[in-house]
Protein chains: 2
Amino acid sequence: MTMKLYGFWRSLATYRVRVALALKGLEAEQQYVNLLQGAQHGDDYKAVNPQSVVPALVIDDGSPLFQSLAIVEYLEETWPVPPLLPKDPLGRARVRGLSLIVACDGHPLIVPRIRNYLEREMHQDEAARNRWLQHWTLKALEALEAHLAKERETGRFCHGNAPTLADICLAGQVFAAGYFNAETTAMPTVMRIFDECMKIDAFDRAQPLKQPDAPKNPTH
Amino acid sequence: MTMKLYGFWRSLATYRVRVALALKGLEAEQQYVNLLQGAQHGDDYKAVNPQSVVPALVIDDGSPLFQSLAIVEYLEETWPVPPLLPKDPLGRARVRGLSLIVACDGHPLIVPRIRNYLEREMHQDEAARNRWLQHWTLKALEALEAHLAKERETGRFCHGNAPTLADICLAGQVFAAGYFNAETTAMPTVMRIFDECMKIDAFDRAQPLKQPDAPKNPTH
């Protein structure tokens, strides 16, 4: 039995797992859960992930793993090469901290369920919703920039000269900026690292618009 | 030089680090950053944590660690006893996944910066803001309940019979429900585990209202 990755082309949490799998040379059968059509709330998917969010990775013994960073940590512990975390505890704390700036304080604020709440429960028009989406997307990128621009551990990538979990999270958050037309010129270090990431095949072929379930002519 | 923990009595991300330190028998000098007065935006604190959020843990060599879960993972790697994660990768993925349900999808939606944005930028009145706070607090607790009630790994605590990082995150999220008067009777497994946690001195003395910087007669 091969692994199955439940995800959605546009989901940036799914993107993280796609990149990690690709960097480690692992294959997973893709299962598409259309978040914009509400497929995550169906009983079939809730049996896999009762939180009704993507991604979930069902591993070869049938166990469903959930939450993208927990999945990537599992992949790292099970297939350690190439490493996505440094060896030293201080370096690991920095890479995890940078990752969590995105995964906790950036990305959860811009997902469909939040956009729906702002529209339906708080009656915010599209312009107000877009200001929210741009604001929180940029706040996370600015926090990354503040760390990356001043800290000596920053190299070609977020932490030294090989990609880590932090770069995976950074790249996803830059895609979010693209989704919402958020202006990223004030974060040159982030954008330099994003460009480095996208030179790597694993980052490039995992990107949202290159997924089989992505629309041919997307409108964000 | 001893460790310094920058935090705030009411911060549930700081709570996680306080519990982890206490469970491992570690001491840290408390530094109080009053989030409600905006002290996190001062230059002094931004030199420690450029994201202007708490907690930050400055370790004995002077390095500032940031993001609560990255800090707890650092403590776990550096002082492994008692363990806050299981030994097996699958168990670690489950505990991290449960933790991230709270740390990513629950807690970041209810912090002061979000409440301020809803009030000042979206002009939501107190009743609307409270509905938001209750809604997202309960969504995370419901997701925990769905996992904990059906999965055989659940024991006296979230994962077996000793507290882990998942219990630390669960306990903090139950405090959030208390802050916002959210009704938790629909999640008996979560509340049973919360009660178990609060029998442990490390969880109890770390709680928000027992901190030296907490108000004597708090109004939430």
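**A loop residue and its surroundings**

Mentor: Let's start at Asn181(A), which counts as exposed because 11 C-beta neighbours fall inside 10 Å, and the cut-off for exposed is 12 or fewer. Bear in mind that this is a predicted model. Asn181(A) sits in the loop between H7 and H8 of chain A. Its backbone deserves a look too: phi of Asn181(A) is near 55 degrees, a positive value in a residue other than glycine. As background, most residues other than glycine have a negative phi, and most peptide bonds are trans. Chain B has its own version: Asn181(B) is found in the loop between helix H7 (165–179) and helix H8 (188–198) of chain B, phi is near 55 degrees for Asn181(B), and Asn181(B) is exposed, with 11 other C-beta atoms within 10 Å.

Helix H7 (residues 165–179) and helix H8 (residues 188–198) of chain A pack at an angle of about 105 degrees, and their axes are 10 Å apart. H7(A) and H8(A) are therefore roughly perpendicular to each other. From H7(A), the contact uses Asp167(A), Leu170(A), Ala171(A) and Val174(A), while H8(A) brings Val190(A), Ile193(A), Phe194(A) and Cys197(A). By class, the residues of this contact of H7(A) with H8(A) are 7 nonpolar, no polar and 1 charged.

Keep an eye on Leu170(A) there. The largest nonpolar core has 136 residues, and Leu170(A) and Leu170(B) are those with the most contacts inside it. For the chain B copy, leaving out residues up to four places away in sequence, Leu170(B) touches Val102(B), Leu144(B), Cys158(B), Val190(B), Ile193(B) and Phe194(B).

Next, another helix pair in chain A. Helix H4 (residues 89–105) and helix H6 (residues 126–150) of chain A pack at an angle of about 170 degrees, with axes 9 Å apart. That makes H4(A) roughly antiparallel to H6(A). The contact is formed by Leu98(A), Ile101(A), Val102(A) and Asp105(A) on H4(A), and by Ala140(A), Ala143(A), Leu144(A) and His147(A) on H6(A). That contact of H4(A) with H6(A) splits into 6 nonpolar, 1 polar and 1 charged.

The contact takes 33 residues from chain B and 33 residues from chain A. Strand E4 (64–66), helix H3 (68–78), helix H4 (89–105) and helix H6 (126–150) of chain B each supply at least two residues of the side of chain B that touches chain A. H4(B) gives the most to that side, with 11 residues. Sorted by class, the side of chain B that touches chain A has 21 nonpolar, 7 polar and 5 charged residues.

How do the copies line up? Chain B can be laid on chain A with an RMSD of 0.0 Å, by a turn of 180 degrees and a shift of 0.0 Å along the axis. The two copies are thus related as by a two-fold rotation axis. The same surface serves both copies, as 100% of the contact residues of chain B recur in chain A. Among the residues of chain B, Cys104(B) comes closest to the rotation axis, at 2.0 Å (C-alpha).

Definitions and conventions
Residues numbered from 1 in each chain as written. Chains lettered and ligands numbered in written order. Predicted model: local features only at pLDDT ≥ 70, side-chain atom pairs only at ≥ 80, totals over all residues. Least-squares fit on C-alpha atoms with pLDDT ≥ 70 in both. Contact = placed C-beta atoms within 7 Å. Helix = DSSP H or I, 4+ residues; strand = E, 2+ residues; numbered from the N terminus. Nonpolar A, V, L, I, M, F, W, Y, C, P; charged D, E, K, R; others polar. Axes fitted to C-alpha atoms, helices over the stretch in contact; angles between N-to-C directions. Parallel < 35°, antiparallel > 145°, perpendicular 65-115°, else oblique. Core = buried A, V, L, I, M, F, W, Y, C linked by C-beta atoms within 7 Å. Buried ≥ 20, exposed ≤ 12 C-beta atoms within 10 Å, placed from the backbone.
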